[in-house]
Amino acid sequence: LQAETGNWLGALRQAAADGDDRLVVDVAESMHWFSDRLVFWAGWYEVYGLSRTAAARLPDRNQELTHLNYFAWAATHAARRPLEGAGIAMTAYELAVRLGDKRQQGWALQYAGSAWRFSRTDLDRAYQAYREAMRLFDEVAAGDGTAVIWADDAWSERVTAHARKRGLRLISVG
């Protein structure tokens with residue numbers, strides 16, 4: 001996949017230009033777990049931007065929600081724009097609430113928490129997002145989400161405790 005990036009990304013761009021929304025979403029979905037191997041590759045922002053747009057035109061609102069969450073992840077990590085990622089994640093969270101999808105609510109909060117954490121603007125808000133995501137993942141028995149959130153929550157708790165121990169005030173901007 002890495003060696004052929006120019007080919008498959010070019011084909012994805014062409015599929016998007018041709019309006020082949022189903023193909024764009026399917027390709028982006030097939031890349032989801034692979035993207036965790038190359039988290040900071042800037043191209044994920046384009047891949048998941050294309051899939052978010054394509055998924056929004058499909059009738060399945062759950063796919064729209066999923067790809068909106070992927071795009072939030074890409075904005076935070078691949079594009080290194082965490083505040084944009086947090087905003088996208090909270091849009092995904094609001095859609096997940098309207099759809100009643102607690103699993104995707106959890107993922108949206110995990111992505112928002114990570115964005116706030118990486119932006120270093122709101123560690124308390126990141127911690128609260130992680131705690132609520134953990135509760136949601138536990139409620140729907142989402143093992144993959146629970147595993148990810150444990151690591152995030154442990155980091156957040158450690159940083160929060162360290163800051164408070166040193167008498168530092170954590171910033172809340174939202």
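**Salt bridges and a helix pair in the predicted model**

K102 is partly exposed, with a relative accessibility of 33%. In this predicted model, K102 forms a salt bridge with E139, the closest N and O atoms lying 2.3 Å apart. Because K102 belongs to helix 6 (residues 102-119) and E139 to helix 7 (residues 123-139), the pair ties together parts that are 37 residues apart in sequence. E139 is likewise partly exposed, at 42% relative accessible area.

E132 is partly exposed at 26% relative accessibility, and R135 is partly exposed at 42%. Salt bridges link K102, E132, R135 and E139 in a network.

The whole structure contains 8 salt bridges. One of them pairs D26 with R22, whose closest N and O atoms are 3.2 Å apart. Both residues lie in helix 2 (residues 21-35), where a spacing of 4 residues separates them by about one helical turn. D26 has a relative accessible area of 38% and is partly exposed; R22, at 35%, is also partly exposed.

Helix 3 (residues 43-57) packs against helix 4 (residues 61-77) at an angle of about 160°, and their axes are 8 Å apart. This angle makes the two helices roughly antiparallel. The crossing of helix 3 and helix 4 is left-handed. Residues of helix 3 in the contact include W44, Y45 and Y48, and those of helix 4 include F71 and W73. By class, this contact has 11 nonpolar, 4 polar and 2 charged residues.

Methods: Residues are numbered from 1 along each chain as its sequence is written. This is a predicted model: local features need pLDDT of at least 70, side-chain atom pairs count only at pLDDT 80 or more; totals for chains, interfaces and linings use all residues. Side-chain values use heavy atoms; hydrogens and water are left out. Axes are lines fitted to C-alpha atoms, for helices over the stretch in contact, and angles run from 0 to 180 degrees between N-to-C directions. Angles under 35 degrees count as roughly parallel, over 145 as roughly antiparallel, 65 to 115 as roughly perpendicular and the rest as oblique. A crossing is left-handed if the near helix is turned anticlockwise from the far one by less than a right angle, and right-handed if clockwise. Contact means heavy atoms within 4.5 Å. Ala, Val, Leu, Ile, Met, Phe, Trp, Tyr, Cys and Pro count as nonpolar, Asp, Glu, Lys and Arg as charged, and the others, Gly among them, as polar. A salt bridge is a side-chain nitrogen of Lys or Arg within 4 Å of a carboxyl oxygen of Asp or Glu. Buried means under 20% relative accessible area, exposed over 50%, partly exposed in between (1.4 Å probe, protein chains only).
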